[in-house]
Amino acid sequence: MPQVTMAMIAKAAGVSKNAVSLALRGDPQIPAATRKRIEKAARELGYVRNPVVAQLMAELRKGRTAGYRRTLALVNANQARDAFKAHPTIPSYVAGCRRRAELQGYRLDEFWLHDPELTAARAARIWRARGIRGVLLVGMMRENRLPDHLRQLWDQFTCVVTGVRTREPTLHFCCVDHHALVLQAFEQAWELGYRSPALVVDRHIDSLVDGRFTAAMHYAQAAFPVARVVPAFLEADDCHADPSPFVKWIKRHKPDVILTLYTAVRNWAQEAGFAVPADLGLIQLERRKGNLDWSGMDQHNDLSGEAAVDRVISLLHANEVGVPDFPRATLISGTWSEGTTTSPRAAARPHA
């Protein structure tokens, strides 16, 4: 099979060879829509970037000696060893990481952050033996602080996190824009005619994302002339065993639409006597396999995975190693999809 060249990709995408080169490096000079078209053409033609050449060119541009290795560590940072396959959300991040790494010519070696046999010294020894300099941390869902006993790893390697911003230390990270996600969902609810929206998440999850869920809802409720401000319900995790606190809350405050992460809310609402969507609209803040009948937001977590790979490669090319003084965030926008859990209400009133 003949080698796929940039000229071939350029012809397929209808752009110049220089545009292809810039797009495949993720250069912001190329508009996002054009980059996607070029990347699609590259994938369809079977193009695989040579990471050795890419690093060499990056080093030549800086006048340095190349010293690149072609493997990245893909670290399962979730407490569950099988989270890459069994978790409802994490496999999407992993799919994006794998897809992007393959396109860029990298292989991924998997590790589990909570492996009792994984010490910092052992991980560093294995990674160096395999030529690993870049690390992708995927799956932090219950906490955003990395294990203290592994701290020296983050000082020795180039690391990027997906999903959340870590603390102690804070590393470069890529995730959905949680604040914009809630604002967009609220605006869609408003356009449908809902006037008493409410947020149902767990306090722990909101804390994990630095309060961006509740902050966005407070902002939206202040920015729009809603008929009635409904307080958020933040004890969702406890209600999986006993939904009575939720039932008490919904009967007292009577929201007309709920923004949430949990499909169980539909059952809880129906137990309280609310028919969906006739009495109550439901908006999912993370549509995925298993809840695609809901109206709500797609977080595009696979794109966060892709962005993390691009970020770690760019850091490697720049020889940026260790905990950054100024961590950088890449935020992915969500998109709205209509489903069966909402229905148009009264005609939308103008924005305040």
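Which residues on the other side of helix 1 are exposed? They are K11 and A12, where exposed means over 50% relative accessible area, buried under 20% and partly exposed in between, using a 1.4 Å probe and protein chains only.

## About the model

This is a predicted model, in which local features need pLDDT of at least 70 and side-chain atom pairs count only at pLDDT 80 or more, while totals for chains, interfaces and linings use all residues. Residues are numbered from 1 along each chain as its sequence is written, and side-chain values use heavy atoms, with hydrogens and water left out.

The chain has a mean pLDDT (the predictor's confidence in each residue, from 0 to 100) of 90, and 91% of its residues reach 70 or more. Over residues 64-69 the pLDDT is below 50, and this stretch has 15 contacts in the model beyond near neighbours in sequence; contact means heavy atoms within 4.5 Å. Residues 347-352 also have pLDDT below 50, with 13 contacts beyond near neighbours in sequence.

Helices here are DSSP runs of H or I with at least four residues, numbered from the N terminus. Helix 1 covers residues 6-13, and I9, A10 and A13 are buried in it. Seen down the axis of helix 1, these buried residues fall within an arc of 100°, so they line one face of the helix; the arc is that of the directions from the helix axis to the C-beta atoms.

What do the buried residues of helix 1 pack against? Their partners are helix 2 and helix 3. Just after helix 1 comes G14, with a positive phi of about 70°.

## Helix 2 meets helix 3

Helix 2 (residues 17-24) packs with helix 3 (residues 32-45) at an angle of about 95°, and their axes are 9 Å apart. Axes are lines fitted to C-alpha atoms, for helices over the stretch in contact, with angles from 0 to 180 degrees between N-to-C directions. That makes helix 2 roughly perpendicular to helix 3, a term for angles of 65 to 115 degrees.

From helix 2, A19, V20, A23 and L24 meet R35, I38, E39 and A42 in helix 3.

## R100, a buried arginine

R100 is found in helix 6 (residues 90-104) and is buried, with a relative accessible area of 4%. Not counting residues up to four places away in sequence, R100 touches E39, E306, V309 and D310. R100 and E39 are 61 residues apart along the chain, and their C-alpha atoms are separated by 9.8 Å.

Definitions and conventions
Helix = DSSP H or I, 4+ residues; strand = E, 2+ residues; numbered from the N terminus. Parallel < 35°, antiparallel > 145°, perpendicular 65-115°, else oblique.
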